[in-house]
Amino acid sequence: MAVKEIMDSLAKQTVNNKKLSELVKDIKLVGDKLELVFMLPNKSLEKEIREKALSVLKDVEGLQDVEISFTEMGQPVQSPAFHRTRLPGVKHLIVVGSGKGGVGKSTVATNIALSLSKLGYKVGLLDGDIYGPSIPTMLGLKNQRVEVDKFNRIIPAEAFGMKVMSVGFLLPSEDTPLIWRGPMLMKALTQFLFDVKWGSLDFLVLDLPPGTGDVQLTLAQTVEIDGAIVVTTPQDVALADVKKAVVMFKEVGIPVLGVIENMAYFVCPESGNKYYIFGKGRVLAFAQAYGLKVLGSVPIEPEIAETSDSGVPIVESSANSQSAKAFLSIAKIIAEELERR
Ligand code: ADP
């Protein structure tokens, strides 16, 4: 079950010559619970909309609980229509997203979190990439599983001075395929945000799945997010996906702190010359077109991949490398920006 499936069902019913899906003002799906806000063209239609919506939603498999509310058309609507909760004890919640997979989003999220920790902040890192949690491997936590205290509260793992939680810790072993249905993992992720004993944190960095799906939408409506970072590579910025990611954050009211250009160039170890393998200047042009900042550019360094696989991120293993310096500089910019607010 996904938001799309629900919208498709709602499109099967019409009220006042309008498909019900066109009247949806806001939609929130957490686990098997759905909350819908309909725009009400006319007060007398409330009953009809409710009945018709429920008549199609009862056939959506896996949906247990539906809550419907209305906002009158023409009336100023409160925005957002849902109540977003602030994470208790967390000063700044940052999400890291990308248009598509494989651009280095998790690598960036991990090294930025670690850089913030090295700057002296208390940092948590939540791996929300429910379709491919790679942070346990990057931090040497492959065998870590979820632990609870005597009050049944989830205790985060610790790595390099950070508190770490990953959907991957729920799997029986690292090789277990992620065959769980999306809604179940979504529920787990929401639980990780709210029910993990994060303690007091200056920054919680949340690594999102790539793209612009239900996870991003639901999170945006559930929790107050202070800023989003979008990771792209120079060649992918030309694709529509990264634009969609930026537009999505803007539409759901999450401030975009800026763009990070990953795999920006390669420095030849012999000559020291910089080679812009995937093109130069495109990310800057893109950012300018969208009124965004480029927070920094991270070079291609084979060592990044090696250290990630061995469980020690580059900021820890080679603090003097170009990429570690880039991550540290980006972390400083992010911290300054958020602390200034
Ligand atoms: P995503 O989270 O976007 O799917 P990952 O962070 O898992 O991407 O990175 C994909 C692969 O690219 C990994 O093997 C990672 O080590 C490697 N990688 C990421 N950034 C760089 C870089 N700047 N230089 C070299 N390898 C990188």
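Tutor: A nonpolar core is a set of buried Ala, Val, Leu, Ile, Met, Phe, Trp, Tyr and Cys residues whose side-chain atoms join up within 4.5 Å. Keep in mind that this is a predicted model.

Student: How many residues does the largest nonpolar core have, and which have the most contacts inside it?

Tutor: The largest core has 78 residues. Leu 116, Leu 126, Leu 204, Phe 249 and Ile 334 have the most contacts inside it. Helix H11, residues 322–340, gives the most to this core: eight residues.

Student: Take Ile 334. Which residues is Ile 334 in contact with, leaving aside neighbours within four places in sequence?

Tutor: Ile 94, Ile 112, Ile 229, Leu 257 and Leu 295.

Student: Now Thr 232. Is Thr 232 buried or exposed?

Tutor: Buried means under 20% relative accessible area. Thr 232 has 1%, so it counts as buried. Its place is in strand E13, residues 227–232.

Student: What is Thr 232 in contact with, beyond its neighbours within four places in sequence?

Tutor: Val 237, Val 242, Val 259, Ile 260, Glu 261, Asn 262 and Val 283. Take Val 283: along the chain, Val 283 and Thr 232 are 51 residues apart, yet their C-alpha atoms are separated by 8.0 Å.

Student: On to the ligand. How many residues surround the ligand, and which are the closest?

Tutor: The shell has 16 residues, and Gly 102, Lys 105, Ser 106, Thr 107 and Pro 299 are the closest. By class, seven are nonpolar, seven polar and two charged. Helix H3 (105–118) and helix H9 (302–310) each supply at least two shell residues.

Student: Last, backbone angles. What is the phi of Asn 17, and where is Asn 17 found?

Tutor: Asn 17 has a positive phi of about 65°, although it is not a glycine. Asn 17 sits in the loop between strands E1 (14–15) and E2 (18–19). Exposed means over 50%. Asn 17 has a relative accessible area of 80%, so it is exposed.

Student: And what is the phi of Phe 160 near?

Tutor: Phi of Phe 160 is near 50°, positive in a residue other than glycine. Phe 160 lies in the loop between strand E10 (157–159) and strand E11 (162–166). At 31% relative accessible area, Phe 160 is partly exposed.

Key:
Residues numbered from 1 in each chain as written. Predicted model: local features only at pLDDT ≥ 70, side-chain atom pairs only at ≥ 80, totals over all residues. Heavy atoms only, no water. Near = heavy atom within 4 Å. Helix = DSSP H or I, 4+ residues; strand = E, 2+ residues; numbered from the N terminus. Nonpolar A, V, L, I, M, F, W, Y, C, P; charged D, E, K, R; others polar. Buried < 20%, exposed > 50% of the residue type's maximum accessible area, 1.4 Å probe, protein only. Contact = heavy atoms within 4.5 Å.
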